[in-house]
Amino acid sequence: MDINIIFKIAAVGLITAVINQLLKKSDKDEIATLVTLAGLVIVLIMTVNMIGELFDTLKAVFGMY
């Protein structure tokens with residue numbers, strides 16, 4: 001794991017925030033909420049994949065199968 005994942009999460013957050021603000025300014029609050037939820041789901045999927053890799057690494061280190 002390296003620092004790139006932090007930059008990816010920050011990029012998703014920034015893009016989501018910008019799109020959210022643009023949609024709220026144009027009175028599309030429902031779509032803005034959906035965009036925010038989509039950004040959250042994307043970040044959660046990224047972190048779940050990292051946690052899965054962590055468990056695989058721990059199993060390999062401790063020899064558990």
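Let me begin with Asp27, which sits in the loop between α1 and α2; helices here are DSSP runs of H or I with at least four residues, numbered from the N terminus. The model is a predicted one, in which local features need pLDDT of at least 70 and side-chain atom pairs count only at pLDDT 80 or more, while totals for chains, interfaces and linings use all residues. Residues are numbered from 1 along each chain as its sequence is written, and side-chain values use heavy atoms, with hydrogens and water left out.

Asp27 follows α1 and has a positive phi of about 60°, although it is not a glycine. Most residues other than glycine have a negative phi. With a relative accessibility of 66%, Asp27 counts as exposed; the term means over 50% relative accessible area, buried means under 20%, and partly exposed lies in between, with a 1.4 Å probe and protein chains only.

I turn now to helix α1, residues 4–25.

Which residues of α1 are buried? They are Ile5, Val12, Thr16, Asn20 and Leu23. These residues lie on the same side of α1, because they cover an arc of only 70° around the axis, taken from the directions from the helix axis to the C-beta atoms. An α-helix has 3.6 residues a turn, so residues three or four places apart point the same way. On the face turned away from the buried side, α1 carries the exposed residues Ile6, Phe7, Leu14, Ile15, Leu22 and Lys25.

The cover over the buried residues of α1 includes α2, residues 29–62. Leaving aside residues up to four places away in sequence, Thr16 touches Val35, Thr36 and Gly39, where contact means heavy atoms within 4.5 Å.

Finally, I come to helix α2 itself. Met50 lies in α2 and, at 22% relative accessibility, counts as partly exposed. Met50 and Leu22 are 28 residues apart in sequence, and their C-alpha atoms are 31 Å apart in space. Phe55 is also found in α2, and Phe55 is exposed, with a relative accessible area of 51%.

Key. Helix = DSSP H or I, 4+ residues; strand = E, 2+ residues; numbered from the N terminus.
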